[in-house]
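Here is a brisk report on one chain.

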Amino acid sequence: MTSTAPASAPARAADPAGGRRFVLAVLALAVGGFAIGTTEFVTMGLLPQIADGIGVSEPTAGHVISAYALGVVVGVPILSFFAARLPRRGLLVGLMGAYAAFNLLSAAATGYGLLTLARFLDGLPHGAYFGVASLVAANLTVPEKRGRAVASVMLGLSVANVVGVPAATWVGQHLGWRAAYVITAAIAGLTMLLILAFVPSVPGDKEATGRKEARDFFGNRQVWLTMAAGAVGFGGMFAVYSYIATTVTDVGGLGSGTVPFFLLAFGLGMVAGTWLGGELAAWSVFRSLIWSGIGSTVVMVLFWAVAPYGWWLLPVVFAITAIGSVLVTNLQVRLMDVAGNAVTLGAAMNHAALNLANALGAWLGGLVIAAGLGYRAPALVGAGLSVLGVAILLWSAVSHRNGQSAAAPAQGAARS
């Protein structure tokens with residue numbers, strides 16, 4: 001299951017082995033991931049304050065979270081369609097500038113309608129930024145270390161869940177929820193300066209057009225199967241994550257004060273899994289996907305079994321996000337590989353798929369709870385989604401092998 005880099009990819013930088021310039025460039029890109037991760041998840045931590053601030057109920061205020069996710073899904077194909085030919089450093093600066101501006105608009109919003117619009121607009125640059133940043137990081141190193149470079153960029157998102165979200169939530173609780181969005185806008189502004197200072201100029205694909213990228217990308221079966229594996233297979237983590245607080249208190253019998261420890265375990269697992277995913281990508285991207293899918297199935301069943309036993313659930317929570325982050329990192333690399341010449345769109349669409357996983361997992365988890373099956377049931381939903389994700393990946397492997405077998409006789413006939 002190997003593929004070659006697109007012929008149109010820019011030449012690699014002269015400092016590929018992880019020197020000082022590479023480290024500073026990847027750090028700059030990771031700070032952008034930190035800004036995005038902090039913004040995306042701090043809304044959940046400040047939802048009661050936001051609801052009071054704009055004069056709506058908390059369930060209604062929750063729609064601003066959905067608006068952001070919808071913005072991510074919509075923004076990826078639109079921005080990637082028009083961005084393939086643009087110089088990538090300038091594009092990254094522009095995306096972060098938009099992110100800063102829409103965070104400030106969120107802070108200034110006085111009502112539900114404007115805040116929902118601001119959160120939708122803020123989601124638009126999300127996937128495009130991670131996609132382009134992943135391309136730039138991969139281009140700065142040798143092919144066998146691409147997974148580590150991509151994982152380094154994604155670590156910014158993971159670290160945000162450990163440091164950025166708790167810190168911004170604390171600030172929002174003490175200085176008002178608007179202050180959290182001002183802080184994330186400032187981090188986005190800092191990212192712009194770091195990118196200009198440390199990320200080398202990387203040209204876009206001058207031969208690419210939005211229409212050609214879209215045709216090449218969406219007409220590729222491997223692309224659809226890879227995105228489906230992410231949208232389905234990763235949904236289990238969100239089925240569990242969405243209801244973790246009530247699971248810990250009502251099922252595990254622990255106090256509400258223990259919930260932050262479980263959220264911290266989620267964040268630490270994400271950091272560890274993102275790093276591990278980069279290391280495993282150097283071994284085998286596809287095998288890493290298969291084994292992480294199998295591992296996710298196992299830990300979901302373990303979550304269901306251990307949930308009533310309080311603190312014993314803590315290491316299982318860590319394992320869920322660690323294994324899930326291995327899956328995410330390798331899905332990113334695989335989608336870049338199978339996208340062919342539509343590499344800009346391929347690098348970004350992973351994040352649209354993952355936001356669909358977010359919506360699917362939370363929705364299915366809510367369905368089984370509403371059906372009276374209890375707060376342990378979403379873990380079994382997650383196990384089922386993981387199995388389906390592995391099945392889709394195996395389908396992808398068979399389809400790839402059959403395609404190669406069909407191509408071989410045709411190539412032989414052409415040569416004769």
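Thr 43 sits in helix α1, residues 20-45. Helices here are DSSP runs of H or I with at least four residues, strands are E runs of at least two, and both are numbered from the N terminus. The model is predicted: local features need pLDDT of at least 70, side-chain atom pairs count only at pLDDT 80 or more, and totals for chains, interfaces and linings use all residues. Residues are numbered from 1 along each chain as its sequence is written, and side-chain values use heavy atoms, with hydrogens and water left out.

Is Thr 43 buried or exposed? Thr 43 is buried, at a relative accessible area of 3%. Buried means under 20% relative accessible area, exposed over 50%, and partly exposed in between, with a 1.4 Å probe and protein chains only. The Thr 43 side chain makes a polar contact with the side chain of Tyr 181, at 2.8 Å. A polar contact is a pair of N or O atoms within 3.5 Å; within protein, one must be able to donate a hydrogen and the other to accept it, and residues adjacent in sequence count only if both atoms are side-chain atoms. Neighbours within four places in sequence aside, Thr 43 contacts Ile 50, Val 64, Ile 65, Arg 119 and Tyr 181. Contact means heavy atoms within 4.5 Å.

Gly 71 belongs to helix α4, residues 63-83. Its relative accessible area is 0%, so Gly 71 is buried. Not counting residues up to four places away in sequence, Gly 71 touches Phe 120, Gly 123 and Leu 124.

Ala 379 is part of helix α17, residues 377-415. Ala 379 is buried too, with a relative accessible area of 0%. Beyond its neighbours within four places in sequence, Ala 379 contacts Val 240, Met 300, Phe 303 and Trp 304.

Two pairs show sequence separation against C-alpha to C-alpha distance.

| Pair | Apart in sequence | C-alpha to C-alpha |
|---|---|---|
| Gly 71 and Arg 119 | 48 residues | 7.7 Å |
| Ala 379 and Met 300 | 79 residues | 5.1 Å |

**Two helix pairs**

Two packed helices are described by the angle between their axes and the distance between the axes. Axes are lines fitted to C-alpha atoms, for helices over the stretch in contact, and angles run from 0 to 180 degrees between N-to-C directions.

Helices α10 (residues 221-233) and α15 (residues 313-338) pack at about 165°, with axes 9 Å apart. That makes α10 roughly antiparallel to α15. Angles over 145 degrees count as roughly antiparallel, under 35 as roughly parallel, 65 to 115 as roughly perpendicular, and the rest as oblique. The α10 and α15 crossing is left-handed: the near helix is turned anticlockwise from the far one by less than a right angle, whereas clockwise is right-handed. From α10, Gln 222, Val 223, Thr 226, Met 227, Gly 230 and Gly 233 meet Leu 327, Leu 331, Arg 334, Leu 335 and Val 338 of α15. Six of these contact residues are nonpolar, four polar and one charged. Ala, Val, Leu, Ile, Met, Phe, Trp, Tyr, Cys and Pro count as nonpolar, Asp, Glu, Lys and Arg as charged, and the others, Gly among them, as polar.

Helix α5 (residues 88-108) crosses helix α6 (residues 112-139) at roughly 160°, and their axes come within 8 Å. The two helices α5 and α6 are therefore roughly antiparallel. Their crossing is left-handed. The α5 and α6 contact holds 19 nonpolar, two polar and three charged residues.

**The whole chain**

The chain has 17 helices and zero strands. Of its 416 residues, 54% are buried. Among contacts between residues at least 6 apart in sequence, 84% join residues at least 24 apart.
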